[in-house]
Amino acid sequence: MTTLPVFTPLPEAAVISATQHLRDILRDAFEHGPGHAAVVVFDCGCELAVALTAAYRACLPEAQFINFDTQTPEFILATLNALSAHDLVVLIQSTNFRLEAYRLRVELFKRDLKVIEHPHLARMPGQEALHYIESLAYDANYYRGTGKALKQKIDNASQAVVDSGGAELVFAGKLESAKLNVGDYREMKNIGGQFPIGEVFTESVDLAHVNGKVNIFAFGDTTFTVNRPEQPITLIVEQGQVVDTINSTSEFDQVLANIRADDTVVWVRELGFGMNRAFSKERSVRDIGTYERMCGVHLSLGAKHGSYAKPHIKRGEGRHHVDVFAVTESVRLDDEVVYRDGRWIV
């Protein structure tokens, strides 16, 4: 007999709030409406999964709902395979669903299906679940307006500086054309992805042009959980590589050791501008993939980055992509301050 998880349901007000946010996402970001089918695959493994499922039932009364834990993989795949291009699939996962050996979202995108993925929800119980629901609020004007303004400035900049309070990390050269994750899919091949959203990201065209120091207040540890040391850790970066640290912890030392074991050196790659105002330095959740959208700056350590090719790093060669979160006093693109006092000012 399977033992069902025991948890306290989220308040009804949280479900009502989630319903409103998801209704906005479905209407404004996905333009989902009559004429297109929807399938919601869910589980009941945590209070957040249960709340989101209830919210989607309110938003999508005509959708087919499938409990992942009570149906066979064959039934689920057959149902998804019956969908047509531009139909919608929602995945509500306390952990993450495995069907056969492939990543489900990637396969769905290949068939031109719209996908909303909510993974690892069980990592965010109680108050964190409420923060997650707040992070689903879709302010189209903010995300699209500020996001596109940041992309334009990134694409035109010849230098970027992250000031983390007495330490500066300098990207002394052109940045890669920025990518947007702001819920605007009108010019994109794939419609959807992992939620919550809110990010503009880039990296140095030449990784060796990244030098200086940066103080980080959190990092993704070996369990993909947000780890917050008692005091910030300083990374010393030379020619795009982390060469030393100050005030490190045993957990972070292990992260660096794992990267060096597989990737030889610790590259600083992604320069991420998180935009989701539900998360901040003080207001976090444990799941690293969710907290990555935090309104501020994150960097990735390790050679892996699927969005940008580098001549000395073959695609698929890097093993690690570890997010670290910078203490951020300000961000400058050329001589313009674009981030200060915890917000983007473009």
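1. Basis of the note. This is a predicted model, in which local features need pLDDT of at least 70 and side-chain atom pairs count only at pLDDT 80 or more, while totals for chains, interfaces and linings use all residues. Residues are numbered from 1 along each chain as its sequence is written, and side-chain values use heavy atoms, with hydrogens and water left out.

2. Helices H1 and H2. Helix H1 covers residues 12–29 and helix H2 residues 47–59; their axes come within 8 Å and cross at roughly 55°. That makes H1 oblique to H2. The crossing of the two is right-handed. From H1, Val15, Ala18, Thr19, Leu22, Arg23 and Leu26 meet Ala51, Leu52, Ala54, Ala55, Tyr56, Ala58 and Cys59 of H2. By class, this contact of H1 with H2 has eleven nonpolar residues, one polar and one charged.

3. Helices H1 and H5. The axis of H1 also comes within 9 Å of that of helix H5 (residues 127–135), and the two cross at roughly 25°. H1 and H5 are therefore roughly parallel to each other. Their crossing is left-handed. Ala14, Ser17, Ala18 and His21 of H1 make the contact with Leu130, Ile133 and Glu134 of H5. This contact of H1 with H5 comprises four nonpolar, two polar and one charged residues.

4. Terms for the helix pairs. Helices (H or I, at least four residues) and strands (E, at least two) are DSSP runs numbered from the N terminus. Angles under 35 degrees count as roughly parallel, over 145 as roughly antiparallel, 65 to 115 as roughly perpendicular and the rest as oblique. Contact means heavy atoms within 4.5 Å.

5. Backbone features. Glu31 has a positive phi of about 50° although it is not a glycine; Glu31 sits in the loop between H1 and strand E1 (38–42). Phe195 and Pro196 are joined by a cis peptide bond, with omega about 5°. Pro196 belongs to the loop between strand E8 (192–194) and strand E9 (199–203).

6. The second largest pocket. Its volume is about 290 Å³. Of the 19 residues that line this pocket, Ser280, Lys281, Cys295, Tyr339 and Gly342 lie nearest its centre. The lining divides into seven nonpolar, four polar and eight charged residues. A pocket is an open set of points on a 1 Å grid where a 1.4 Å probe fits, with protein on both sides within 12 Å along at least five of seven lines; lining residues have an atom within 4 Å of a point.

Conventions:
Axes fitted to C-alpha atoms, helices over the stretch in contact; angles between N-to-C directions. Left-handed = near helix turned anticlockwise from the far one by under 90°. Nonpolar A, V, L, I, M, F, W, Y, C, P; charged D, E, K, R; others polar. Points joined across faces, edges and corners; volume = space filled by probe spheres on them.
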